[in-house]
Amino acid sequence: MTISERRDWMGVLARSQPQRLADLLGPLPAHDMLRSPEIGAVMVRGRAGGTGAQFNLGETTVTRCSLQLQGGLVGHAYVQGRDKAHATRAAIVDALMQGPQSATTRETILIPLQQDQSAARAATRAARGGGAHAPGCTRDVHARRAIRAHRSRRAGRAAPGLSR
């Protein structure tokens, strides 16, 4: 197991639908809580334009959990929101992925979750017309207005619909 592999499956678990994860995992294996699910907040950072300087966008609620399976494997999870059961199940799958049953866990839990997430992304792209956003959306309108205003200022006149 590499760090990037673990980061990938933990991301899949964090983005999973709680009920779908519960259905795929089934009954919870025996485990001891190292850190019972706790609800807290984390700061979300963003970048202007996706590439600019970082800024604090705001806070979001997360739930974290750490547990140990009876065999000694330890799992951790952070999920967005306040769902303690989701965090517990994600930590269990994290622990299972570090043990001898990782191949089975990957086939029965992670791959179906990845397929669900890929299908959801494809549906979103199709609904948007395949682009990053729908043509004619508010972002397009504001961008065109800003370009017109900039060109008008450079030419020394007021842009249509804008006062100086």
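This is a predicted model: local features need pLDDT of at least 70, side-chain atom pairs count only at pLDDT 80 or more; totals for chains, interfaces and linings use all residues.
Residues count from 1 along each chain as its sequence is written, and side-chain values use heavy atoms, without hydrogens or water. Local features need pLDDT of at least 70 and side-chain atom pairs pLDDT 80 or more, while totals for chains, interfaces and linings use all residues.

**Exercise 1.** Find how many helices and strands the chain has, and their order.

*Solution.* Take helices (H or I, at least four residues) and strands (E, at least two) as DSSP runs, numbered from the N terminus. This gives five helices and three strands. Along the sequence they follow α-α-β-β-β-α-α-α.

**Exercise 2.** Check the span of helix α3 and look at its start.

*Solution.* The expected span is 1.5 Å times one less than the number of residues. At the start of α3, a side-chain oxygen of Asp83 comes to within 3.2 Å of the backbone nitrogen of Ala85.

**Exercise 3.** Is α3 mostly covered or uncovered, and what does it pack against?

*Solution.* Call a residue buried under 20% relative accessible area (1.4 Å probe, protein chains only). Of the 164 residues of the chain, 25% are buried. In α3, eleven of 14 residues are buried, so the helix is mostly covered; among them are His86, Asp94 and Met97. Next, look for contacts (heavy atoms within 4.5 Å). The buried residues of α3 pack against α1 (3-15), α2 (18-25), β1 (31-47), β2 (54-69), β3 (74-80) and α4 (102-127).

Technical notes. Buried means under 20% relative accessible area, exposed over 50%, partly exposed in between (1.4 Å probe, protein chains only). A polar contact is a pair of N or O atoms within 3.5 Å; within protein, one must be able to donate a hydrogen and the other to accept it, and residues adjacent in sequence count only if both atoms are side-chain atoms.
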